[in-house]
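Student: I would like to learn how the words used for a protein model are tied to numbers. Could we go through them one at a time?

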Amino acid sequence: MDTLGLLLHGFDVALTPTNLFWALIGSTLGTAIGILPGIGPALTIALLLPVTVSVGPVSAFIMFAGVLYGAMYGGSTTSILINTPGEAGSMMTALEGNKMARAGRGAAALATAAIGSFVAGTLATIALTFAAPYVAELAFYFKPADYFALTILAFTSVAVVMGSSRVRGFISLFIGLAFGVIGIDNMTGQPRMTLGFADLLDGMELTVVLVSLFAVGEIIYVASRYKNQKDEIISVKGGMWMSKSDWKRSFMPWIRGSVIGFPMGAIPGGGSEIPTMLSYTLEKNLSKHKDEFGKGAIEGVAGPEAANNAAAAGILVPLLTLGLPTSATAAILLAAFQNFGLQPGPFLFTSNPELIWGLIASLYIGNVMLLVLNLPLIGIWVKLLLIPKPQLYAGILVFAMIGIWGVSGSVFDLACMALIGLMGYAMRVYDFPIPPLLIGLILGPMAENQLRTALAAGQGNPAVLVESPMSIIFLTLSFLFLFVPFLLKRLRKVA
């Protein structure tokens, strides 16, 4: 069946009443958590993991996709109205969007953000639809050595790019790798790093670690820096639609932002912050109204918001086709697949097309839902900012504990949640990035398994790791990620 035929089959799946309901729940929830500062899609999906086990994988991932896209939409609202990004990818939107709101053009800023998100989300989903099958087909030719090299590339790129320090990035990565090897060794049958606890023989529970780091650790960190003061919420003034000039100035930034965001989201460590910064810089250089930047230029809202949403679709390409997460949210989505006993990759396209194509089709549907939810109902969404923060954070912690207890019913898991949550809080305080830990935890066992398989096939000869052109390319890129920053720093000193 060709791509269009598979996509139509996906729409048959996504348009069932049950899946439409879950898409609406995900889109609504995603918009809400995007608006609330300090809560993002990674935390939300981690919290939902324990309660979606009984829902089924298709409906669960349709809801997760709605959460992912909805958070990108919602994050722009707080950036524009209170100058506080609800999501990391909305940081650049705050620069010009809040200035527009203060100048009485908040409605135009919110409109260009919402429409730009819709345009970019649709274009990026079209690119995902046609790119994913080809990447998945290419992955059929990967050997164990290629997969091992690919995981090394993911480790080095994420550890180097994410966070302010490469040393902290690698420490976080190695903590994740250490968590990943806990349990019984598949080849020897010997327990590793269990410290004598029978509860650890099956390994560290992914859901416990994810909820601990993103719910417990993150909320303690946010609460410890909470100040009992009300944010100044700028009222939305003007008509809900943009003027003819606004449309003209926003159109090309939407397109350019989409082109920048999608590939950047697909590469390891690209995330949503880098493409939004690149888009903002590009629009500032190309604009005919350079004097407006810093005072409320609409291009500075349209471009970054488009890049932000395109990047959200970009992370799904390596995740679905190779099982490679390129961001914290993608790492949690990978954990969600494993929670359902599924491994993303080329075989998932053939063994479970209903899930893959239903998920892709739901992205088109969710985009339309989000446009309808965001443009006319902005006044209702802003009311969420009035929720008292102490009650909100306390509610999240209670929900996290109930979720973990509901899945395992284990006091040991609750104790682990408390300890890992405190570790997550310490990591946030001392600026250790969380994504490398997650990716080390999730990809570590895969890297070990592929390395052992490759060495067994090569009768213990390590040269087998560099016999394939693909493995050489991936290892070379890993080397460049590690050492090019050092070389550039030296060159700057010499110059």
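The conversation below takes each term in turn and sets a value against its definition.

Tutor: Before we start, note that this is a predicted model, in which local features need pLDDT of at least 70 and side-chain atom pairs count only at pLDDT 80 or more, while totals for chains, interfaces and linings use all residues. Residues are numbered from 1 along each chain as its sequence is written, and side-chain values use heavy atoms, with hydrogens and water left out.

Student: How many helices and strands does the chain have, and what makes a stretch count as one of them?

Tutor: The chain has 21 helices and two strands. Both are DSSP runs numbered from the N terminus, a helix being a run of H or I with at least four residues and a strand a run of E with at least two.

Student: Why is S279 called buried?

Tutor: A residue is buried when its relative accessible area is under 20%, exposed when it is over 50%, and partly exposed in between, with a 1.4 Å probe and protein chains only. S279 has 1% relative accessibility, so it counts as buried. This residue is found in helix α11 (residues 273–286), and, leaving aside its neighbours within four places in sequence, S279 is in contact (heavy atoms within 4.5 Å) with G257, I260, G303, P304 and A307. In the chain of 495 residues, buried residues make up 55%.

Student: Why is helix α3 described as largely enclosed by the rest of the structure?

Tutor: Eight of the eight residues of α3 (residues 41–48) are buried, and therefore the helix is largely enclosed by the rest of the structure. Among these buried residues are P41, A42, L43 and T44.

Student: What makes L419 exposed?

Tutor: L419 has a relative accessible area of 60%, and because exposed means over 50%, the word applies to L419. L419 is found in helix α19. The C-alpha atoms of L419 and V216 are 9.6 Å apart in space, although the two are 203 residues apart in sequence.

Student: What makes a group of residues a nonpolar core?

Tutor: A nonpolar core is a set of buried Ala, Val, Leu, Ile, Met, Phe, Trp, Tyr and Cys residues joined through side-chain atoms within 4.5 Å. The largest one has 122 residues, and those with the most contacts inside it are F61, F64, F214, I332 and L438. Helix α4 (residues 57–81) gives the most to this core, with 13 residues. A second, separate core of 17 residues includes A109, A113, V301 and A302. Apart from residues up to four places away in sequence, F214 touches A42, L43, I219, A328, I332, I434 and L438.

Student: By class, which residues make up the lining of the second largest pocket, and how are the classes set?

Tutor: The lining has twelve nonpolar, seven polar and six charged residues. Ala, Val, Leu, Ile, Met, Phe, Trp, Tyr, Cys and Pro count as nonpolar, Asp, Glu, Lys and Arg as charged, and the others, Gly among them, as polar. α20 gives the most to this lining, with eight residues.
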